[in-house]
Amino acid sequence: MLTVNAIAAPSATEPLVRTTVERRDLGAHDILIEISYAGICHSDIHTVRGDWGPVAYPLTVGHEIVGHVTAVGAEVTRHAVGDRVGVGCMVNSCRECANCRAGQEQYCENGNTGTYAAVDRDGTVTQGGYSTHIVVDQDFVLRVPTEIPIEAAAPLLCAGITTYSPLAHWNAGPGKKVAVVGMGGLGHMAVKLAAAMGAEVTVLSQTLGKKDDGLAFGAQHYYATSDPATFEALRNGFDLIVNTVSAPIDINQYLSLLRLDGTLVSVGAPPEPLPVQVFSLFGARRSFAGSSIGGIAETQEMLDFCAERGIAAEVEVIGADQVNDAYERVLSSDVRYRFVIDINTLR
């Protein structure tokens, strides 16, 4: 096994610390990736703090991973040494269920293998991308186009595909009115992607503090949800609402903004339930849905889409010793728009 430098959470309440993790020996279909950058996702914080249930500590998180291939297994055909690659939120699935066969590995009926905090095929707990190297099966490694700056590509492996997938599924495009709730790491990507798809985009944020950014990213309209007049002015106005916030909101208020057959899809994941009154759905045959990430093929499609249209995440690059401060800043919404760890500072 290969022992590599990493950052790990010792418990739900302690700061993250420098440590080492072991990577499995290279199997026939495996790829060894030297990690260059790893994004910090709100999911990382929820996980290490136990918001979504108990986890095994110490734990290294991180599922927005970009780097270069440094070694390949004997039967690898999809990638070669030196390739610029990425790894997102999953590193395996059963490959056999109907969803996997349909290219929807994120919805594997037997449960996909998460990049961290999951039980890997050898029985060990997966450890994520806040580390210098990772070993991943070739089928779950993405090609990262050179048109995208590598540090700005990292968040695309979670924030990018998490927002691209529902926009594509619900046909965001010309003639569609799309609202994005929240202008954080997920929200800013949703705005960029929906605008690039040709939709008319509105941002719904607590304040107007990021209005200039939202309009620069492609939104045509920007409203403050702290103003009650917003919900009156926009009632029955949208075909699709993408909720990106990971905190409780009044879902029924937002459902009132959907027109006939409109859908509100949540991609943010607060630990608390989001109560829904069925009468909020009845009036215009509205739908309240959820969406996970995308499958491997769709994630590659998203990366290629971003490369073709000059789309990348807005990032603040930090060193390994700044991760704990970055967590606190994420929780206070003090980042525009995604922290990315320079893994060279961990070597």
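1. Strands β10 (residues 177–181) and β11 (residues 200–205) run parallel and are joined over five bridges; strands count as paired if DSSP finds at least two bridges between them. Strands (E, at least two residues) and helices (H or I, at least four) are DSSP runs, numbered from the N terminus.

2. A word on the source: this is a predicted model, in which local features need pLDDT of at least 70 and side-chain atom pairs count only at pLDDT 80 or more, while totals for chains, interfaces and linings use all residues. Residues are numbered from 1 along each chain as its sequence is written, and side-chain values use heavy atoms, with hydrogens and water left out.

3. β10 has a partner in β13 too: the two pair in the parallel sense over four bridges, with V180 opposite V242 of β13. Four of the five residues of β10 are buried, so the strand is largely enclosed by the rest of the structure. Buried here means under 20% relative accessible area, with exposed over 50% and partly exposed in between (1.4 Å probe, protein chains only).

4. Stepping back to the sheet, six strands make up an open, parallel arrangement in the order β12-β11-β10-β13-β14-β15. At its edges are β12 (221–224) and β15 (287–290), each pairing on one side only. On average, neighbouring strands are turned by 20° against each other, direction ignored; the axes are lines fitted to C-alpha atoms, for helices over the stretch in contact, and angles run from 0 to 180 degrees between N-to-C directions.

5. Do look at V242, in strand β13 (residues 238–243). V242 counts as buried because its relative accessibility is 0%. Leaving out residues up to four places away in sequence, V242 touches L167, A179, V180, V181, V265 and V267, where contact means heavy atoms within 4.5 Å. Its C-alpha atom is 9.8 Å from that of L186, 56 residues apart along the chain.

6. Strands β16 (residues 315–318) and β17 (residues 338–342) run parallel, joined by four bridges, and V317 has V340 of β17 as its bridge partner.

7. On packing, the largest nonpolar core has 88 residues, and I40, Y130, L167, V323 and Y327 have the most contacts inside it. Helix α5 (residues 185–197) gives the most to this core, with seven residues. A second, separate core of 14 residues includes F231, F238, L258 and L264. A core is a set of buried Ala, Val, Leu, Ile, Met, Phe, Trp, Tyr and Cys residues joined through side-chain atoms within 4.5 Å.

8. Lastly, the aromatics: the structure holds four aromatic pairs. One of them, F231 with Y254, is edge-to-face, at 5.1 Å centre to centre and 85° between the planes. It links distant parts of the chain, with F231 in helix α7 (residues 229–233) and Y254 in helix α8 (residues 251–255), 23 residues apart. Both F231 and Y254 are buried. Rings of Phe, Tyr and Trp (its six-membered ring) pair if their centres lie within 6.5 Å; planes under 30 degrees apart count as stacked, over 60 as edge-to-face and the rest as tilted.
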